[in-house]
Amino acid sequence: MSNQLDGIEQKDVIKRVTGKITKLWEARTFNGPKGEFTKQGGEIEIDGTSYGLAFWNNNQSDSLKGKVVTLSSVRSKHGLSGVTLDHESYDGKNGKVDRDVIRVTASAKIEIGEHSEEPPRVASSATPSQTQIGDPKKAIDSIVEMHIYIDGLVRHAYAGRASDEETLRSYVASVFIEANRKGIVMASVPTEPSVPVCDPKNWGSAIVPSGSRKGEKLAEIGKKDLTKLYQFYLEKGFTTPFAKCVEQAGIDFNLDGPLEEQDDIPWE
């Protein structure tokens, strides 16, 4: 067995493996008990040892033949998945075939060339760069919202076509990874600014929410404008907290009563 696969047993997940694809056949479509799926066979040479290669629902171009590739599993909320060690045994044209197979599903990451564990070095800086994401909680919430959306979308799109849970999860992971690569994010819905709570007992400190006197306190807008507000809500209804403050002001100063030519109320 290849040194890269030391300790790997049948059905184990392979974190990463690099080899040269020596054979790659056309993908074939099958109808199984759990729905439609595709399988593309081939062979890969890993550290001098030949293995079978099977791409499940992950069709590849014929141009990969003869190239060195790195096959990597991807971690999601369901764990690490994508590349596993499998085994096949059948009677072929040239006799019985009995060999280990590298199984690659849709969630796997495929890179042309060898994968380097060493991160790229930046000569101009001794410290690693960090991406500024603002509020970490909001950033994580956005990632979760994106994953939930993609999960629902994929399950709806493949309803009746792929019922196998592992296959559906691999589809979700594949779409999520591709969206991330292309920088696609969920657009956040702007929230309305909160309206300060008004206490009718202290109506003078209530802030006018809109109009020409927006942002001013009721006690500062003058009797003329306060009367206009009172008459407006008198027709519309004193249903909001601010309207109730206006209502209390009208009661205190009898704004719906007869107007006096002179009074001692200190309004503008």
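Ring pairs link Phe 30, Phe 37 and Trp 56 into a cluster, where two rings of Phe, Tyr or Trp (its six-membered ring) are taken to pair if their centres lie within 6.5 Å, with planes under 30 degrees apart counted as stacked, over 60 as edge-to-face and the rest as tilted. The model is a predicted one, in which local features need pLDDT of at least 70 and side-chain atom pairs count only at pLDDT 80 or more, whereas totals for chains, interfaces and linings use all residues. Residues are numbered from 1 along each chain as its sequence is written, and side-chain values use heavy atoms, with hydrogens and water left out.

The structure holds six aromatic pairs. In one of them, the ring centres of Phe 30 and Phe 37 are 5.4 Å apart and the planes meet at 20°, so this pair is stacked. Phe 30 has a relative accessibility of 29% and therefore counts as partly exposed, and Phe 37, at 24%, also counts as partly exposed; here buried means under 20% relative accessible area, exposed over 50%, and partly exposed in between, as found with a 1.4 Å probe on protein chains only. The rings of Tyr 233 and Phe 242, by contrast, have centres 6.1 Å apart and planes at 70°, so the pair is edge-to-face. Tyr 233 counts as buried at 11% relative accessibility, and Phe 242 is buried with a relative accessible area of 5%. Trp 56 of the cluster also has the charged end of Arg 103 over its ring, 4.3 Å from the centre, a charge being said to sit over a ring if NZ of Lys or CZ of Arg is within 6 Å of the ring centre and within 35 degrees of the ring normal.

Helix α1 (residues 136-157) has 22 residues, which at 1.5 Å a residue should span 32 Å, and its end C-alpha atoms are 32 Å apart, which agrees; the expected span is 1.5 Å times one less than the number of residues. Within α1, Met 146, His 147, Ile 150, Asp 151 and Val 154 are buried. These residues cover an arc of only 135° around the axis, which puts them on the same side of α1, the arc being that of the directions from the helix axis to the C-beta atoms. On the other side of α1, Lys 137, Lys 138, Ile 148 and His 156 are exposed.

Most residues other than glycine have a negative phi. Lys 11, however, which is placed in the segment before β1, has a positive phi near 75°. Asp 47, in the loop between β3 and β4, likewise has a positive phi, of about 50°, although it is not a glycine.

How values were computed:
Helices (H or I, at least four residues) and strands (E, at least two) are DSSP runs, numbered from the N terminus.
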